[in-house]
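Open the model in your viewer and keep the selection tool ready. The tour moves from stop to stop.

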Amino acid sequence: MKKIFKTLVYAGVLAAVASCGGGKNKTAAPAMANPQDVIRTVEVARATKRDVPQENSYASTVEAYATNNIMPQQGGRIRKINVEVGDYVVKGQVLAEMDRLQLDQLALQIQNDEIEYARLKSLYEEGGVSQSDFEAAELGYKVRKTNYANLEENTILRSPITGYVTARNFDKEDMYGMSAPIFTVQQVTPVKLLVGISETDYTKVTKGDEVTLTVDALPGRSFTGRINRLYPTLNPATHTFQAEVVVPNSDRALRPGMYARVTVKYGSNYSIVLPDQAIVKQEGTGQRYVYLLNADGKTVSYVPVTLGRHMGAEYEILGGIEEGQTVVVKGQAGLKDGIEVEVLNK
C-alpha cells in the first residue's frame, strides 16, 4: 500500500513540472496578431473620363421583308408546276398553271368581240347605229376584257415578288380546293427584324438610325441595317416598343428564321471608366461599391457607385465618384472603411 501511494505522488510531481514548461530551454508561444493591425497591400488607379458609346443588344429573329401566298381565287385542276421549294424566283415568273379551258373560251369570245366592236364603231361613225347600241356593245367588250385579265391572273400563277419558294403544298394534276396556298414565296432582299426596345430608350431611337447585328448561323460576320419604322404603342406587359430594322442582305446570306443579336446605338456619354476588378459587390444586396484611397494616402473609404455599361474588362461609372479620385483596383479582400493600406504601385 505504501508503494502505491509513492507512485501516485511521483506522477503528480511530473505533471506539475510539465505544466510549468518542462525545462529551462522552452519559450512561450507568441501572442496572435490582431487582424485589424495587419496593413493590407493594394494597387490603385486614377478615375478618368472618356467618351463611352451608349448601346444595347437585343435578341430578335430574321424575317422575310414580304411573304406572299400564291393561289387562285377559285378551285380547279393544277396542270403545271414549274418550281420547287428552295428555288429563287423573280417577280413575274410563272410558278404554276391551272386548267385553261375557261380562259381559252373567253379568249375566243374576246376575239369575236373585237371584230364586232370594230364593225359597230364604223357604222356608228357613219350614222348607221344609234349611240346607245354602240355604247352598250363597247361596255360589254370592255367588261369581257377585264374578266379575261382577271381569269388569266388566276389561271397562270406568277410570283408577285422576287425571293425564295419556301413552301409547295400541291402537286401537278391535284384538284385545288382552296384549303391552302399552292406556293409561299418570301422576299429576302432585304430582310427585316422586329426588335423590342425598352421604354426607357423610347426617346433615344429615331427612324433611320443605324444598327448592327450578328447571327449564330454565320459566326464572324456582322451586318448593318437601319431602323425603318417605330411602332407607336408600347406593350404594357413587357414595357417595350417595337422597332422594325431593315437589312439590305444583297448577298442573301441572312435567311428568315435565323436567331440574331441586334445592337442599337444611342450616341455616347462622357463618363468615368474603371477596370471591372475595381468593382466590389456587397453581399446579400445588388449594391456595388469601390474603395477610394483617401487624401492621406494611407487609408481607404467605402463608396457605393452607380454602374453604366460593361465594356469588356471595364465599367462605366454613372455616379458615386469624381474624376481624378484614386480607386483600389486590386487587393480589396479584407478591406473595410477607414482601414490602413500600403499602396504597391505609387
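Which residue stands opposite Phe 241 in β12? Select Leu 234: this residue faces Phe 241 across the strand pair. Before moving on, note that this is a predicted model, in which local features need pLDDT of at least 70 and side-chain atom pairs count only at pLDDT 80 or more, while totals for chains, interfaces and linings use all residues. Residues are numbered from 1 along each chain as its sequence is written, and side-chain values use heavy atoms, with hydrogens and water left out.

**Stop 1**

Select residues 240–247, strand β12. Strands here are DSSP E runs of at least two residues, helices are H or I runs of at least four, and numbering starts at the N terminus. Of the 8 residues in β12, 6 are buried (under 20% relative accessible area; exposed is over 50%, partly exposed in between, with a 1.4 Å probe and protein chains only).

Now show β9, which runs antiparallel to β12 and is joined to it by 8 bridges. Gly 196 is opposite Gln 242 in β12.

**Stop 2: Thr 184**

Stay on β9, residues 183–198, and pick Thr 184. Thr 184 is buried, at 11% relative accessible area. Its side chain makes a 3.0 Å polar contact with that of Asn 69 (N or O atoms within 3.5 Å; within protein, one able to donate a hydrogen and the other to accept it, and residues adjacent in sequence count only if both atoms are side-chain atoms). Beyond four places in sequence, Thr 184 has contacts including Thr 67, Tyr 164 and Ala 167 (contact means heavy atoms within 4.5 Å).

**Stop 3: the nonpolar cores**

The largest nonpolar core has 25 residues (buried Ala, Val, Leu, Ile, Met, Phe, Trp, Tyr and Cys joined through side-chain atoms within 4.5 Å). Among those touching the most other members are Val 62, Leu 193 and Val 247. Elements giving two or more residues include β2 (48–70), β10 (210–215) and β13 (259–275). β9 gives the most, with 5 residues. Apart from this core lies another, of 16 residues, including Val 89, Met 98, Val 165 and Val 185.

**Stop 4: an open sheet**

Display the 4 strands in the order β6-β5-β3-β8, an open sheet with antiparallel pairing. Its edge strands are β6 (156–158) and β8 (175–176). Strand β3, residues 76–81, pairs with β8 over 2 bridges. Arg 77 has Met 175 as its bridge partner in β8.

**Stop 5: aromatic rings**

The whole structure holds 9 aromatic pairs (Phe, Tyr and Trp rings, the six-membered one for Trp, with centres within 6.5 Å; planes under 30 degrees apart are stacked, over 60 edge-to-face, the rest tilted). Select Tyr 88 and Tyr 164: their centres are 5.0 Å apart and their planes at 65°, so the pair is edge-to-face. Tyr 88 is in β4 and Tyr 164 in β7, so the pair ties together parts 76 residues apart in sequence. Tyr 88 is partly exposed at 30%, whereas Tyr 164 is buried at 13%.

Finish with Tyr 117, Tyr 124, Phe 134 and Tyr 141, which form one aromatic cluster.

Technical notes. Pairing = 2+ DSSP bridges.
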